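Please look through the sequence and the 3D structure shown below before reading on. The notes that follow take one topic at a time.

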Amino acid sequence: MPGTKEIRAKIASVKNTQKITRAMQMVATSKMRRAQEHLRAARPYADKMRAVIADLAEANPDYRSPYLQCRASVKSVGIIVISTDRGLAGALNANVFKETLLLIREWQGQGATVNLGVVGAKGLAFFRRLDTRIVANVSHLGDRPHVKDLIGAVKVLLDAYRDADIDRLFLVNAEFVNTMTQRPAVRQLLPLEPSATQAPREHWDYIYEPEAAQILDGLLIRYVESQVYRGVVENVAAEMAARMVAMKAATDNAGKLVEEMQLIYNKARQAAITKELAEIVGGASAL
Amino acid sequence: MAERNTIQVDIVSAEGEIFSGAATMVFAPASQGDIGVAPRHAPLLSMLKPGEVRVQTPGGEEHFFFVGGGAIEVQPQRVTVLADTALRAEDIDEAAALAAKQRAEEALKERPGLITHAQALTELARATAQLKVLARLRKVRG
């Protein structure tokens with residue numbers, strides 16, 4: 001029986017692959033749910049923070065925090081790019097990188113230099129091949145990222161902004177729209193855009209401990225960190241969703257492949273049996 | 001809304017909500033010394049040191065929360081604690097920043113064949129095109 005054994009082995013191998021992709025799909029589904037919960041859990045902090053910062057900035061118009069200063073001429077920009085650590089997530093990373101490259105080109109076109117802060121191993125592997133400056137990197141945050149792992153990388157860019165080494169700071173990450181859709185999103189972190197919706201409210205001034213300026217800077221740093229953290233968590237949710245979809249497609253494809261090969265196998269087997277029978281009959285009639 | 005002799009307390013960190021509820025008294029490790037906040041306290045904004053936030057509820061219970069630092073905002077009817085999830089200090093942050101810088105520098109040291117911006121874009125475009133073709137093939141075959 002020529003071929004049938006090989007086909008059988010091939011079918012078994014594809015079935016094994018299918019088992020793996022199906023398992024990955026299910027793992028991604030549950031991790032995606034968890035990441036979504038983390039994303040929701042991060043919201044109250046950011047909201048409260050924004051409210052306090054708005055109050056503070058309003059109550060102290062004479063103090064200009066370096067983080068709120070908008071410099072008119074942009075000589076240099078910082079971009080924090082968030083990527084995944086692992087692959088098999090469809091075009092997720094590729095889309096984020098494309099968006100980042102467009103952003104880089106846009107600013108380079110205006111004569112500004114670009115400093116990158118890269119989160120995630122895939123981003124590092126991609127951007128280090130480019131002749132763009134990478135000033136900070138953090139990778140292998142896992143499926144449950146923590147703020148404390150991001151502090152260092154964010155501080156590099158915050159300090160650069162404070163010292164006027166960069167004049168704008170952007171964040172690029174994959175936005176989780178829904179399970180089927182993830183798209184790259186670019187947000188400006190610094191200078192903070194004044195919230196235009198903030199309605200003038202009844203006014204009071206705080207008692208400050210220690211000084212208003214110090215508190216404002218401390219809060220602004222934490223706010224930017226929490227925004228980056230949010231981006232990282234959202235990226236995890238998007239990664240899991242993308243992987244889920246990619247693995248579902250892979251599982252379906254494997255199923256189709258097995259079906260096709262089963263058909264070929266059956267035909268080959270039938271052909272072999274027919275041939276054998278013909279030989280026996282031929283042999284018998286020759287006697 | 002909270003009763004007149006209680007104050008609404010929200011303790012939140014960047015990674016999640018820690019506590020939310022009414023209290024008769026809140027103690028926090030402010031940067032200039034521990035403070036106690038009773039309902040109708042004057043508006044106050046302070047940074048926090050690492051330490052313990054203590055919340056006394058109307059039921060007579062007492063809750064303890066460890067914070068690694070952060071900030072506290074007090075309004076007459078509301079206390080908001082913005083807690084840090086990590087211990088913060090200038091030198092710790094500085095060390096973390098240095099580590100992040102170093103990782104970037106190390107990665108750049110062993111740059112595999114530098115490519116230009118345009119090359120990267122074309123490579124990406126090719127990859128996306130391939131993915132699109134794959135998706136189309138899948139549709140045709142399926």
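Are helix 1 of chain A and helix 6 of chain A roughly parallel or roughly antiparallel to each other? In this predicted model, the axes of the two helices cross at roughly 160°, and angles over 145 degrees count as roughly antiparallel, so helix 1 of chain A and helix 6 of chain A are roughly antiparallel to each other.

**The helix pair in chain A**

- Helix 1 of chain A covers residues 4-41 and helix 6 of chain A covers residues 212-286, and their axes come within 7 Å.
- The crossing in which helix 1 of chain A passes helix 6 of chain A is left-handed, and the residues of the contact between these helices comprise 24 nonpolar, 11 polar and 9 charged.

**The nonpolar core**

- The largest nonpolar core contains 106 residues, and those with the most contacts inside it are A:Val81, A:Leu157 and A:Leu219.
- Helix 6 of chain A gives the most to this core, contributing 20 residues.
- When neighbours within four places in sequence are left aside, A:Leu219 is in contact with A:Met49, A:Val52, A:Ile53 and A:Leu56, and also with B:Ala71 of chain B.

**Chain B as a whole**

- Chain B has 2 helices and 9 strands, and along the sequence these follow the pattern β-β-β-β-β-β-β-β-β-α-α.
- Of the 142 residues in chain B, 30% are buried.
- Among the contacts in chain B with a separation of 6 or more, 47% are between residues 24 or more positions apart.

**Where chain B touches chain A**

- The contact between the chains takes 45 residues from chain B and 45 residues from chain A.
- Several elements of chain B each supply at least two residues of the side that touches chain A, including strand 1 (7-13), strand 8 (70-75) and helix 2 (117-141).
- Helix 1 of chain B provides the largest share of that side, with 10 residues.
- The side of chain B that touches chain A divides into 26 nonpolar, 10 polar and 9 charged residues.

**One residue in its surroundings**

- B:Ala30 lies in strand 3 of chain B, which spans residues 25-30.
- B:Ala30 has 21 other C-beta atoms within 10 Å and is therefore buried, the cut-off for a buried residue being 20 or more.
- Apart from residues up to four places away in sequence, B:Ala30 touches B:Ile35, B:Ser46, B:Leu48 and B:Ile72, together with A:Glu209 of chain A.
- B:Ala30 and B:Ala42 are separated by 12 residues in sequence, and their C-alpha atoms are 15 Å apart in space.

How values were computed. Residues numbered from 1 in each chain as written. Chains lettered and ligands numbered in written order. Predicted model: local features only at pLDDT ≥ 70, side-chain atom pairs only at ≥ 80, totals over all residues. Axes fitted to C-alpha atoms, helices over the stretch in contact; angles between N-to-C directions. Helix = DSSP H or I, 4+ residues; strand = E, 2+ residues; numbered from the N terminus. Parallel < 35°, antiparallel > 145°, perpendicular 65-115°, else oblique. Left-handed = near helix turned anticlockwise from the far one by under 90°. Nonpolar A, V, L, I, M, F, W, Y, C, P; charged D, E, K, R; others polar. Buried ≥ 20, exposed ≤ 12 C-beta atoms within 10 Å, placed from the backbone. Contact = placed C-beta atoms within 7 Å. Core = buried A, V, L, I, M, F, W, Y, C linked by C-beta atoms within 7 Å.
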